[in-house]
Amino acid sequence: MKKMIILSLVLVLAGFVGVSQADLTGDATAHVFAVVNPNVTMSTNTPIVDAGSIQTGDFTATINFGVHANKEAVTLFVEASPLFKGDDPLNSEVLPIPLNFSEGVVIDPANANPMAGADNIADYLGAGANIGDFPTAVTEAIEFESSQNNRFSQDVLVIVTYNQDDPEKPMGEYSGAVRLTALLMP
């Protein structure tokens, strides 16, 4: 009898617990977010630059780069190599045409100015990273602020000065490489 009472109570309680109601509709809400990270892309608008014919003295090469970033402030620096006869920095028996370190490198964005009162002439600091087989010298980095709204999307002219100081330099074509690097600072 005691078992019957316990069993009856369990069934009665189970009946109360098991009763539930469901709505005909339901919904829930989630908050979604995404973060747009800093981004910069580069291109060379003039992949081959003719610096002209020279005999002796200083001369320049102007390279046109495209810089596109989703920030107004971009930090730029340049690595440039001397010019080697026959496009051969490893085996040329002729000394290269050197960079003119005293002139630095002009970095000239179309719609931006150097920040913090700096000028747009980047001084050479020392050896840079090779571009292929070409050894380079690296410049200081200069931060530029764009006049464009929330972006830096424009051409940047880079002017490198060389000094052909040997009046008996063998005739021929001398070539090298120039790299512009853009950094997005936090």
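1. On a 1 Å grid over the protein atoms alone, a pocket is an open set of points where a 1.4 Å probe fits, with protein on both sides within 12 Å along at least five of seven lines; lining residues have an atom within 4 Å of a point. A volume is the space filled by probe spheres set on the points, which are joined across faces, edges and corners. In this predicted model, the largest pocket has a volume of about 790 Å³. Its lining comprises 32 residues, of which Val49, Ala51, Leu83, Tyr174 and Ser175 are the closest to the centre.

2. Strands E2 (57-69), E11 (152-164) and E12 (174-175) each give two or more residues to this lining (strands are DSSP runs of E, at least two residues, numbered from the N terminus). The largest share, four residues, belongs to E2.

3. The lining divides into 18 nonpolar, nine polar and five charged residues.

4. The structure holds one salt bridge, defined as a side-chain nitrogen of Lys or Arg within 4 Å of a carboxyl oxygen of Asp or Glu. Its partners are Glu79 and Arg179, at 2.9 Å, N to O. Because Glu79 lies in strand E3 (residues 73-80) and Arg179 in strand E13 (residues 178-183), the pair ties together parts that are 100 residues apart in sequence.

5. Glu79 is buried at 7% relative accessibility, whereas Arg179 is partly exposed at 28% (buried: under 20% relative accessible area; exposed: over 50%; partly exposed: in between; 1.4 Å probe, protein chains only).

6. Residues are numbered from 1 along each chain as its sequence is written, and side-chain values use heavy atoms, without hydrogens and water. Local features need pLDDT of at least 70 and side-chain atom pairs count only at pLDDT 80 or more, while totals for chains, interfaces and linings use all residues.

Terms used. Ala, Val, Leu, Ile, Met, Phe, Trp, Tyr, Cys and Pro count as nonpolar, Asp, Glu, Lys and Arg as charged, and the others, Gly among them, as polar.
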